[in-house]
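Thanks for coming, everyone. I'll walk through one structure today. Have a look at it first.

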Amino acid sequence: MNLIRINRPQLSRRDFLKFSGFSSMSFLLGGCGAPIFEDVVGKLSEPLNQQLETFIFNAQKPVPEFSAREIQPEALLINSFRYTPIIDQEKYRLIIDGEVNNPLSLSLAEIQSLPLTSMIIRHVCVEGWAAIVQWGGVRLREIVALAQPYKNVRYVYFQSGDGYYSSWDIASALHPQTLLAYQKNGEPLPVENGAPLRLASPIKLGYKQSKWVTKITLVSQLSLFKGYWEDKGYEWFAGL
Ligand SMILES: Nc1nc2c(c(=O)[nH]1)N[C@H]1C(S)=C(S)[C@@H](COP(=O)(O)O)O[C@H]1N2
Ligand SMILES: [Mo]
């Protein structure tokens, strides 16, 4: 899926080093590959850069959640524009790239070793149905922090295994209730609902919540393509 083109100048290695500001040389000495997971997880507690911090503080207040007995297990309708992609969970990697100091390729085991957040929220589809669902997964902001975005990052692209794509504003992406979910109603996420990994958030309409997410790209500008439904005229922000 090559629809998303990000126009930005290539950084020279010198510029890259200038931008990156690594506190440790181990990454640079580690050869040409990505840093090992333990290296980046160690940086979890480090703050995001200042501008992103400001976004977080300006982001919406937490959305009130529902209680467990309010979950509506049958109400979440499968809504897929195409087919359900077959993704081998063993071989699966979530790529995080774009305008970041620390591009990542994470296995499901690595993602699941990050703190688990669970929430009970209402999923709202623009087609006129809604469902109260419990989602479990990792906060997107944790993954974004690991990737160490440049300070001018404003948007996040999500690419999916079925060719679906969408883009979000960075503030919504960093909202504490925006999750990359791998559980639904206390069970492993079913394939039709986006396994191994999907977006789940109480602040966006259903079509912003990409299933089968394979790649997350952090950018300072949106390209001509903004999302599968968005490019057909649906609202881009799609906030709830
Ligand atoms: N990859 C992908 N993600 C997607 C879709 C899709 O077709 N492909 N449909 C969207 C829409 S319109 C909705 S309402 C929700 C539905 O999620 P569900 O099928 O788990 O109920 O997924 C969203 N995410
Ligand atoms: Mo939807």
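**The ligand and its surroundings**

Start with Leu 77: one of its backbone N or O atoms lies 2.5 Å from an oxygen atom of ligand 1. Keep in mind that this is a predicted model.

Next, Lys 211. Here the side chain does the work of contact: one of its polar atoms lies 2.5 Å from an oxygen atom of ligand 1. Then Gln 209. A polar backbone atom of Gln 209 is 2.9 Å from a nitrogen atom of ligand 1. How much of ligand 1 does the protein cover? On its own, ligand 1 has 530 Å² of accessible area, and the protein covers 98% of that.

Now the whole shell. There are 20 residues around ligand 1. The closest are Leu 77, Phe 81, Asn 193, Arg 198 and Lys 211. Sort the shell by class, and you get nine nonpolar, eight polar and three charged residues.

**Aromatic rings**

On to the rings. How many aromatic pairs does a search of the whole structure find? The search finds nine. Take Phe 158 and Trp 168. They form an edge-to-face pair, 5.9 Å centre to centre, with 70 degrees between the planes. Edge-to-face here needs an angle over 60 degrees.

Where do these two sit? Phe 158 lies in strand S5, residues 155–160, and Trp 168 lies in strand S6, residues 165–169. So the pair ties together parts that are 10 residues apart in sequence. Are the two residues buried or exposed? Phe 158 is buried, with a relative accessible area of 0%. Trp 168 also counts as buried, at 1%.

The charged end of Lys 204 sits over the ring of Trp 168, 5.6 Å from its centre.

A second pair: Tyr 228 and Trp 229. This one is edge-to-face too, at 4.9 Å centre to centre and 85 degrees between the planes. Now a point about cut-offs. Buried means under 20% relative accessible area. Tyr 228 has 19%, so Tyr 228 counts as buried. Trp 229 has 25%, so Trp 229 counts as partly exposed.

Lys 232 lies over the face of Tyr 228, 4.5 Å from the ring centre.

Let's move to a loop. Leu 174 is in the loop between helix H7, residues 170–173, and strand S7, residues 179–184. Leu 174 counts as buried, at 1% relative accessibility. Look across to Glu 142. In sequence, Leu 174 and Glu 142 are 32 residues apart; in space, C-alpha to C-alpha, they are 8.5 Å apart.

Thr 178 lies in that loop between H7 and S7 too. Its relative accessible area is 0%, so Thr 178 is buried. What does the side chain of Thr 178 contact? One of its polar atoms lies 2.8 Å from the backbone oxygen of Ser 172.

**One last residue**

Finally, Leu 108. Leu 108 belongs to helix H5, residues 108–112. It is buried, with a relative accessible area of 7%.

Conventions
Residues numbered from 1 in each chain as written. Chains lettered and ligands numbered in written order. Predicted model: local features only at pLDDT ≥ 70, side-chain atom pairs only at ≥ 80, totals over all residues. Heavy atoms only, no water. Near = heavy atom within 4 Å. Polar contact = N/O pair within 3.5 Å; in protein donor to acceptor, adjacent residues only side chain to side chain. Areas by Shrake-Rupley, 256 points an atom, 1.4 Å probe, with all protein chains shown as cover. Nonpolar A, V, L, I, M, F, W, Y, C, P; charged D, E, K, R; others polar. Helix = DSSP H or I, 4+ residues; strand = E, 2+ residues; numbered from the N terminus. Buried < 20%, exposed > 50% of the residue type's maximum accessible area, 1.4 Å probe, protein only. Phe/Tyr/Trp six-rings, centres within 6.5 Å; stacked < 30°, edge-to-face > 60°. Lys NZ or Arg CZ within 6 Å of the ring centre and 35° of its normal.
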